[in-house]
Amino acid sequence: MTNRPLRRRGAMIALAALALFTLAAPASAAGRPDHPKPTIVLVHGAWADASSWSDVTGRLQRLGYTVLAAPNPLRGLGGDAGYLSAFLAQRTGGPVVLVGHSYGGAVVTNAAGTDPDVKALVYVDAFVPDEGETVLGLQGGGDPSALFDVVAYPGAPAGDVDLYIKPAVFPQAFAGDLPAATAVRLAAEQRPITLSALQEPSGPPAWKKLPSWYLIGTKDGILPPSLQATMANRAHSHVTKVAASHLSMLSRPQAVVDVIVAAAKSVR
């Protein structure tokens with residue numbers, strides 16, 4: 001009889017210790033996923049810079065993702081892909097979802113295969129070349145003088161120039177669903193790409209080995225939605241369509257975020 005209160009007290013202490021252990025246990029012990037969220041690496045396209053991802057970045061960060069908006073030199077497809085490969089190797093650890101917009105799609109296609117941590121690809125109004133294809137070739141050629149202003153740059157190989165979208169063309173072709181003042185500002189701030197980058201054949205494509213997602217902007221005035229669909233279907237991408245211009249990350253950022261999150265949730 002005299003030991004019963006002691007036994008009861010011991011049982012209560014044991015239950016309290018078990019409760020504390022459960023509260024302090026890691027996520028996996030409590031039945032929650034124990035794998036980390038992948039890092040999202042965003043790669044901008046031509047005539048833009050990393051700030052074009054600003055709204056998308058903020059939304060992803062609020063969802064708990066680590067986000068890096070990588071710089072894209074826009075100097076040459078092979079060199080740009082190599083630059084991205086070095087960025088991935090030195091600035092990321094663990095699984096990565098690699099996202100490319102426009103020309104940035106060609107860059108991620110060439111860079112992703114160099115890093116085993118890249119687990120999924122996302123294309124946003126983007127070029128998805130196969131080996132040997134060029135961005136200009138996919139676009140179907142045409143008269144460059146109707147679309148671009150050309151500027152010679154120091155040290156350029158013979159015949160190479162920087163290309164700028166003509167200010168009169170930029171608002172409708174790139175940003176038809178953005179406020180007019182925003183489109184004019186973006187045209188003034190655009191970063192050029194070299195002609196040689198658009199003419200350089202692509203290497204072995206990572207989309208043949210990695211799962212991919214594609215957002216098609218159905219109001220894109222620079223990269224025809226029909227071409228986007230052809231490339232996305234060839235890559236067996238999960239396709240989402242949104243009524244947006246070429247700059248869907250600015251006009252429809254939540255739609256872009258939703259596609260990226262779908263890709264991220266596939267990563268295990």
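Me: What percentage of the 268 residues of the protein chain count as buried?
Reply: Happy to start there, with the reminder that this is a predicted model. The chain has 12 helices and nine strands. Buried here means under 20% relative accessible area. Of the 268 residues, the share that counts as buried is 48%.

Me: Which residues touch the most other members of the largest nonpolar core?
Reply: In soluble globular proteins, nonpolar side chains tend to be buried together. The largest nonpolar core in this model has 83 residues. Helix α12 (residues 253–265) gives the largest share of this core, eight residues. The members that touch the most others are Ile40, Val41, Trp47, Leu84, Leu98 and Tyr103.

Me: Which residues is Leu84 in contact with, leaving aside its neighbours within four places in sequence?
Reply: Leu84 is one of the α3 residues in the contact between α3 and α4. Beyond its neighbours within four places in sequence, Leu84 is in contact with Val41, Val43, Ala70, Leu98, Val107, Val108 and Ala111.

Me: At what angle do helix α3 and helix α4 pack?
Reply: Two packed helices are described by the angle between their axes and the distance between the axes. For α3 (residues 77–91) and α4 (residues 103–111), the axes are 8 Å apart. The crossing of α3 and α4 is right-handed. The angle is about 65 degrees.

Me: How do the residues of the contact of α3 with α4 divide into nonpolar, polar and charged?
Reply: From α3, the contact uses Leu77, Asp80, Ala81, Leu84 and Ser85. From α4 come Tyr103, Ala106, Val107, Val108, Asn110 and Ala111. The division is eight nonpolar, two polar and one charged.

Me: Why is α4 largely enclosed by the rest of the structure?
Reply: The buried residues of α4 are Tyr103, Gly104, Gly105, Ala106, Val107, Val108, Thr109, Asn110 and Ala111. Helix α4 is largely enclosed because its buried residues number nine of the nine.

Me: What is the phi of Ser102, a residue other than glycine?
Reply: Ser102 is in the loop between β3 (96–101) and α4. Ser102 is buried, with a relative accessible area of 4%. Not counting residues up to four places away in sequence, Ser102 touches Gly45, Val124, Asp125, Ala126, Phe127 and His246. Its phi is positive, near 55 degrees.

Me: Why are the buried residues of α8 on the same side of the helix?
Reply: The buried residues of α8 (residues 180–189) are Ala183, Leu186 and Ala187. They lie on the same side of α8 because the arc they cover around the axis is only 100 degrees.

Me: Which helices do the buried residues of α8 pack against?
Reply: The face of α8 turned away from its buried side carries the exposed residues Ala181, Val184 and Ala188. The buried residues of α8 pack against α7 (170–175) and α11 (248–251).

Me: Is Val135 buried or exposed?
Reply: Val135 is found in helix α5 (residues 135–139). Leaving aside neighbours within four places in sequence, Val135 is in contact with Tyr103, Ala106, Phe127 and Leu198. The cut-off for buried is under 20% relative accessible area. At 7% relative accessibility, Val135 counts as buried.

Me: What separates the C-alpha atoms of Pro144 and Leu195?
Reply: Pro144 is in helix α6 (residues 144–147). At 42% relative accessibility, Pro144 counts as partly exposed. Pro144 and Leu195 are 51 residues apart along the chain, and their C-alpha atoms are separated by 9.7 Å.

Definitions and conventions:
Residues are numbered from 1 along each chain as its sequence is written. This is a predicted model: local features need pLDDT of at least 70, side-chain atom pairs count only at pLDDT 80 or more; totals for chains, interfaces and linings use all residues. Side-chain values use heavy atoms; hydrogens and water are left out. Axes are lines fitted to C-alpha atoms, for helices over the stretch in contact, and angles run from 0 to 180 degrees between N-to-C directions. Helices (H or I, at least four residues) and strands (E, at least two) are DSSP runs, numbered from the N terminus. A crossing is left-handed if the near helix is turned anticlockwise from the far one by less than a right angle, and right-handed if clockwise. Contact means heavy atoms within 4.5 Å. Ala, Val, Leu, Ile, Met, Phe, Trp, Tyr, Cys and Pro count as nonpolar, Asp, Glu, Lys and Arg as charged, and the others, Gly among them, as polar. A nonpolar core is a set of buried Ala, Val, Leu, Ile, Met, Phe, Trp, Tyr and Cys residues joined through side-chain atoms within 4.5 Å. Buried means under 20% relative accessible area, exposed over 50%, partly exposed in between (1.4 Å probe, protein chains only). The arc is that of the directions from the helix axis to the C-beta atoms.
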